[in-house]
Amino acid sequence: MSKLRPLHDRVIVKRLEEERVSAGGIVIPDSATEKPTRGKVIAAGTGRILEDGKVRPMSVKEGDVVLFGKYAGQDIKVDGEELVFLKEDDIVAVIEG
C-alpha cells in the first residue's frame, strides 16, 4: 500500500468488520448490514493548528482502534483498499484493551 500522511488534524482509518451473526445465531447477509463504525487508525496527522499558530497534538495515534460516526468522513479507495479519511473531531472514542 502507498504510504499516506494525513495533514494537520486528519486521520486515516481502515474499517473493522462487524459480527455477521446475531446473538440468536442468525447469519446477517451483506445487503442488510450497515457500514462498520469501528476502525483501526493507520495514519494520523501532526495535530490541529490553533488560532495563535501553536499545534495541539493529536489524541489518537497509529494502531488505535476507534469509534466514529456512521456518516463521518470520506470513503476513499487506495491501492484497492477501502479507507476512511476523518477529522479528529469525528472520532467519538478510542477502544482500549
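Modeller: A salt bridge here is a side-chain nitrogen of Lys or Arg within 4 Å of a carboxyl oxygen of Asp or Glu. Keep in mind that this is a predicted model, where local features need pLDDT of at least 70 and side-chain atom pairs count only at pLDDT 80 or more, while totals for chains, interfaces and linings use all residues. Residues are numbered from 1 along each chain as its sequence is written, and side-chain values use heavy atoms, with hydrogens and water left out.

Biologist: Okay, by that rule, how many salt bridges are there?

Modeller: One of them joins the side chains of K77 and E82, and another joins R56 and E88. Put to the whole model, the rule gives a count of 7.

Biologist: Let's take K77 and E82. How far apart are N and O in that salt bridge?

Modeller: K77 stands opposite E82, which is in strand 7; strands are DSSP runs of E with at least two residues, numbered from the N terminus. K77 is exposed at 56% relative accessible area, and E82 is partly exposed at 48%; exposed means over 50%, buried under 20%, and partly exposed in between, using a 1.4 Å probe and protein chains only. Their side chains meet with an N to O distance of 3.8 Å.

Biologist: And how many bridges pair strand 6 with strand 7?

Modeller: Two strands pair if DSSP finds at least two bridges between them. In this hairpin, 2 residues sit between the strands, and D79 takes a positive phi near 50 degrees. Strand 6 (residues 74-78) runs antiparallel to strand 7, and the number of bridges is 5.

Biologist: Which residue in strand 7 is the bridge partner of R10?

Modeller: Strand 1 and strand 7 pair in the antiparallel sense too, over 4 bridges. There's also a salt bridge between E81 and K14, at 2.7 Å from N to O. That one links E81 in strand 7 (residues 81-87) with K14 in strand 1 (residues 10-15), 67 residues apart. As for R10, its bridge partner is K87.

Biologist: Back to R56 and E88. Is E88 buried or exposed?

Modeller: The closest N and O atoms of R56 and E88 are 2.9 Å apart. R56 is in strand 4 (residues 55-57) and E88 in the loop between strand 7 and strand 8 (91-95), 32 residues apart. R56 counts as partly exposed at 34%, whereas E88, at 7%, is buried.

Biologist: Now D64. Which residue's backbone nitrogen does its side chain reach?

Modeller: D64 lies in the loop between strand 4 and strand 5 (65-68) and counts as buried at 13% relative accessibility. Beyond residues up to four places away in sequence, D64 touches G39, K40, V41, S59 and V94, contact meaning heavy atoms within 4.5 Å. At 3.0 Å, the D64 side chain reaches the backbone nitrogen of K61.

Biologist: What about I49: how far apart in space are I49 and D9?

Modeller: I49 belongs to strand 3 (residues 47-49) and is partly exposed at 46%. Leaving aside neighbours within four places in sequence, I49 is in contact with H8, K54 and V55. I49 and D9 are 40 residues apart in sequence, yet their C-alpha to C-alpha distance is 8.0 Å.

Definitions and conventions
Polar contact = N/O pair within 3.5 Å; in protein donor to acceptor, adjacent residues only side chain to side chain.
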